[in-house]
Amino acid sequence: MKISRYPDGFKLPNSPNMAEDLIIDKQLDRESAYQQLLPQIKALLDGETDLIANCANAVAALKETFDFFWVGVYFLKENQLVLGPFQGPIACTRIDFGKGVCGKVWEQNRTLIVEDVEQFPGHIACSALSKSEIVLPGRNKSGDVAFVLDIDSDRLADFNETDEQYLSQIVALLEKSL
Ligand code: SME
């Protein structure tokens, strides 16, 4: 089923090269949905070099496709992670090195999957409804963390290696804008 809020043939203003809407099949299992989404995100980001614009669209596409509770990025700025484009409830704006899941991902420079956030020591609860979380590092050309992609679910153990595999490809697309 194609979900479109625009009439057939409608083109968004100022975006002549962009698909006018995402194709999202809500019947697909998650892996197939990633496979459908990935080339669309690639096309969406193609030709645009602005990191914030690309993060904003990638985050919106993920939120719209999977209806995750919260999807967003934090950028490494002045030795803190600072809130960037996101979709979902309001969130904490700054995270220190080693603090919460995001700060640990920055510290350890690797993806963390948290099945139950209440069991994660130091987890930063932006919302009591968040139950599980995946956070991936985005790295600059030297391999240092430059941003993190954070996704929260209101279901326990909602993320696994399949999410990591596809989300890391989306992160790799975003890294090109660094
Ligand atoms: N839970 C994150 C903080 C960011 S919010 O989930 C949006 C953490 O522990 O780092």
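Mentor: Helices here are DSSP runs of H or I with at least four residues, strands are E runs of at least two, and both are numbered from the N terminus. This is a predicted model, where local features need pLDDT of at least 70 and side-chain atom pairs 80 or more, while totals for chains, interfaces and linings use all residues. Residues are numbered from 1 along each chain as its sequence is written, and side-chain values use heavy atoms, with hydrogens and water left out.

β1 (70–77), α3 (100–108) and β6 (145–153) each supply at least two shell residues. The shell has 13 residues, with V101, C102, I124, C126 and D152 coming nearest; to be near, a residue needs a heavy atom within 4 Å of the molecule.

Now the polar contacts, meaning pairs of N or O atoms within 3.5 Å. A polar backbone atom of C102 is 2.8 Å from a ligand oxygen. The side chain of D152 also has an N or O atom 2.8 Å from an oxygen of the ligand, and for D150 a polar side-chain atom lies 3.4 Å from a ligand oxygen. On its own the ligand has 300 Å² of accessible area, and the protein covers 99% of that (Shrake-Rupley, 1.4 Å probe).

Technical notes: A polar contact is a pair of N or O atoms within 3.5 Å; within protein, one must be able to donate a hydrogen and the other to accept it, and residues adjacent in sequence count only if both atoms are side-chain atoms.
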